[in-house]
Amino acid sequence: MRYDSLLAVCVTLFPITISGDSNLSEPLSSQQILPNNFKPPQVFQNVNLLRNTNLEKGYVRETVNVVIENIDTKPQSEYYVPFSVDVIGNVGGFEVRDKKTPGPSFKTDLVEYDPYSPTQFFCTTLPQPLSPKSQLTLSITYHILSTLTPLPFKIGQNDKQYLHYAFSTYTPSAYPTLKQKTKLKFPTPEVPDAIGGSPERQGSTFTYGPYNDLVPAGALEPASVRYEFTKPVIHATLLERDIEVSHWGGNLATEERYWLTNQGAHLKANFNRVQWAASQYYKPATSALRELNVPLKVGSLNPYFTDDIGNVSTSRFRSNKREANLELKPRYPVFGGWKYSFRIGWDADLASFLRVLKNPQGGHVLKVPFLEGPRMGEGVSYGKVELQVILPEGAKNVKFETEVPLVRVEETVHRTFMDTVGRTTLKLTAMNVADEARDKPLIVTYDYPFSAAFRKPVTIFLGIVAVFVTAWGIGRLDVSIRKQK
């Protein structure tokens, strides 16, 4: 069982960040396979560590700021971050940066050394080896999905919801730590249960530590909390997002298909429609998903909202010079354990996203958000995101750049009405994505020669000519019945 889960992690979790100079012919990863007796070399120590855990959304957000020091006699450049095998499959958005110097994130690999080990590692390569006795401040950020559990598991329709979170007051580390502190931020001050440690409570924040004694590598101190979270825990098991570029129409068409579920507490009794309708007059806090708010780019138009049944009329689109907002109401409230699948789409002016380069190859640069979708205070997490960028027929030399970690990159062909060879399509797949990726762009560059722009009208013209010639030829046939002489 453990081997199967680890295999799935290695295939689907490994983060890949593609640079602007990359192309689809390059390998997707450089995953390290290490010997089964491997242990991270004890060449660093954590001088001071501060971990901030944010529980204000339906998933866990971690930020670890740590001052590391090279205690070896040689320069070192590889820093390891451990995760338990039960957690690592839900980790996403793992990034390591220099806290004091703004810049891109460092190169990170998922390393494997023993499929039966309870601990796996991310290996971060520093841009410059750290010399002996030198220090560097790292900022490590990531989120963990599907790790919060409702407690109790079943509640009444109008009851408060509480979530349970288990963690270690000592930050898991592959190196000894001299001083550390852990802070937990809750959505409300209502935290009825806190087991383990002796936290200092200040409003909706718990502080564990500071721990000034040396904590050895791998040391853990289990703890758990149960806190009030009367909001839906929104999770999309799958999001399929298509972006279609039309040069002739000057249009950028976007369609998103969602498979949503609420990971909150289940109902302990049957759903009461009358009770639900009565509560809508004063709108109390609820663990059910009532509506979704989808901010769009200014200038978006022609939105639609459909589900498995058909068009959903319970939606509202507001657009002006400053904003464009699509408000969606599902056909029914989505309580814990319930599911709802739907699709939305809209059009936008291509000129707002596309730039033409002045070169003989007909270079084009397309800049679009990697992720749009709902923006909710309780957050939205995505188990799997499949993004397709459908380029015009004849586009070639496709390259792209994004900061979102990817697990698969494909270049395929999409055929539609009146196409000849089909449209070049870039398909990107990401796992364990949070709604914070909304601010991260996807930049696609491609060549679109002047001659390729006339492929479609020439095809249409030849098709019309073929129809008329065929009709003329049929009309010239003599199909009358005559007596033989």
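Trainee: How do the residues of the lining of the second largest cavity divide into nonpolar, polar and charged?

Mentor: Quick housekeeping: this is a predicted model, where local features need pLDDT of at least 70, side-chain atom pairs count only at pLDDT 80 or more, and totals for chains, interfaces and linings use all residues. Residues are numbered from 1 along each chain as its sequence is written, and side-chain values use heavy atoms, with hydrogens and water left out.

Now, your lining divides into 3 nonpolar, 5 polar and 1 charged. Here Ala, Val, Leu, Ile, Met, Phe, Trp, Tyr, Cys and Pro count as nonpolar, Asp, Glu, Lys and Arg as charged, and the others, Gly among them, as polar. The residues that line this cavity are Gln157, Asn158, Trp276, Ser279, Gln280, Pro284, Ala285, Thr286 and Arg290. A cavity, on a 1 Å grid over the protein atoms alone, is a set of points where a 1.4 Å probe fits but cannot get out, and lining residues have an atom within 4 Å of a point. About 40 Å³ of space lies in this one; a volume is the space filled by probe spheres set on the points, with grid points joined across faces, edges and corners.

By this rule there are 2 cavities of 30 Å³ or more. The largest cavity has a volume of about 60 Å³, and its lining has 7 nonpolar, 2 polar and 3 charged residues. Among those lining residues are Arg241, Trp346, Phe353 and Glu372.

Terms used: 1 Å grid on protein atoms, 1.4 Å probe; cavity = no way out; pocket = protein on both sides within 12 Å on 5 of 7 lines; lining within 4 Å.
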